[in-house]
Amino acid sequence: GIWDGDGFAAFQKLVLQSPKVDACMSREIQTFIANLNENYAERETEGSFTTINEFLSYGNLTYYSLQEFESFLIQQCNATEEYRDTLVAPIVRAIYDQPMNLTSFAGEVSLLAIFTPAMWAANGNSQLPKQMFIKSNSLVHLNTKIDTVSWNGEKFTLTYNGTSTHTSDYLVLAAPIEKVDIEFENVTFTQSITYRNFVHCYVTHVQAQGMNPEYFGLPAGSEVPDSVLTTPNSQLPFTIASISM
């Protein structure tokens, strides 16, 4: 069910009333998936990228990063405000907890959750990085904070846990540099670093043993959906709620 702030929205009726928009949305998602696959294929052929813009150039993903998702839906599919708020925004909120002015890239990624089959790793998705570590035959230090990174002209030296060190020919920093709290010694970056402001986003997913209809202002004994998503007008203290299995 979809809670719009006043009650549960009749979203099935809205879907049936908007076949052209539905068809357009499906086509746009398929085009986005094709562009993603092209991006993967081109990067496999061309090798690594050095900038975000270079990454986006493969598969024409730049197109999705230059416009807001809401504008994209209006211009490409003529989606009404009711359609956007009731059928699209709840999915975006459940994935990113973002308003509809997020980039089209992020918006399209959100909708992949309903337009593509759900996939997961056996025994939990946490197995994926664990198996990648194993296959890499690498020495992995989890929960280890790097204190300093220094360069002697030939190799990097990483100091961690106060006194422990490790040397390496290459260093990949897979985290926002503004948040790592690492001291760099004799390290020259190829371009100036522009520090960015980050926003904390929280998707509040509540699991319950059951739904109380009176909580939603319904008479006792009324039927309540097993899963509840919310629109931007919702004042409920959660983004999504579901009954635990």
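Colleague: Into which domains is the chain divided?

Modeller: This is a predicted model. Its chain is divided into domain 1, residues 2-119 + 211-241, and domain 2, residues 147-192. The centres of domain 1 and domain 2, taken over C-alpha atoms, are separated by 38 Å.

Colleague: What makes Cys24 and Cys77 a disulfide?

Modeller: The cut-off is that the two cysteine sulfur atoms lie within 2.5 Å. The sulfur atoms of Cys24 and Cys77 are 2.0 Å apart, so the pair meets the rule. By this rule the count comes to one disulfide. It links distant parts of the chain: Cys24 is in helix α2 (residues 19-46), Cys77 is in helix α5 (residues 69-77), and 53 residues set them apart.

Colleague: Why is the disulfide of Cys24 and Cys77 called left-handed?

Modeller: Because the torsion about its S-S bond is about -75°.

Colleague: Are Cys24 and Cys77 buried or exposed?

Modeller: Both Cys24 and Cys77 are buried. The word applies to a residue with under 20% relative accessible area.

Colleague: How do you know that β1 and β7 pair?

Modeller: Pairing needs at least two bridges between the strands. Strand β1 (residues 2-3) and strand β7 (residues 227-230) have two bridges, so they qualify. The sense is parallel, and Ile2 stands opposite Leu229 in β7. β7 also pairs with strand β8 (residues 240-243), in the antiparallel sense, over three bridges. There Leu229 stands opposite Ile240, and Ser227 stands opposite Ser242.

Colleague: What makes the pairing in the sheet of four strands mixed, and which strands are at its edges?

Modeller: The order is β1-β7-β8-β6, in an open sheet. β1 and β7 are parallel, whereas β7 and β8 are antiparallel; the pairing is therefore called mixed. The edge strands are β1 and β6 (205-208), since each pairs on one side only. Helix α6 (residues 81-96) packs on this sheet and touches β1 and β7, with its direction at about 100° to that of β7.

Colleague: Which strands does β2 pair with?

Modeller: Strand β2 (residues 146-151) is joined to strand β3 (residues 156-160) by five bridges, and the two run antiparallel. Trp151 has Phe156 in β3 as its bridge partner. β2 and β3 form a hairpin with four residues between them. Gly153, in the turn, has a positive phi of about 100°. β2 also pairs with strand β5 (residues 183-185), in the parallel sense, over three bridges. Here Thr148 has Glu183 as its bridge partner.

Colleague: Which residues touch the most other members of the largest nonpolar core?

Modeller: Of its 30 residues, they are Met25, Phe69, Leu73, Tyr83 and Val88. Helices α2, α3 (52-57), α5, α6 and α7 (104-115) each supply at least two residues of this core. The most come from α2, which gives seven.

Colleague: What does Phe69 touch, leaving out residues up to four places away in sequence?

Modeller: Its contacts include Val88, Val92, Met100, Leu102 and Leu111.

Key
Residues numbered from 1 in each chain as written. Predicted model: local features only at pLDDT ≥ 70, side-chain atom pairs only at ≥ 80, totals over all residues. Heavy atoms only, no water. Buried < 20%, exposed > 50% of the residue type's maximum accessible area, 1.4 Å probe, protein only. Contact = heavy atoms within 4.5 Å. Axes fitted to C-alpha atoms, helices over the stretch in contact; angles between N-to-C directions. Domains from an automatic or database assignment. Core = buried A, V, L, I, M, F, W, Y, C linked by side-chain atoms within 4.5 Å.
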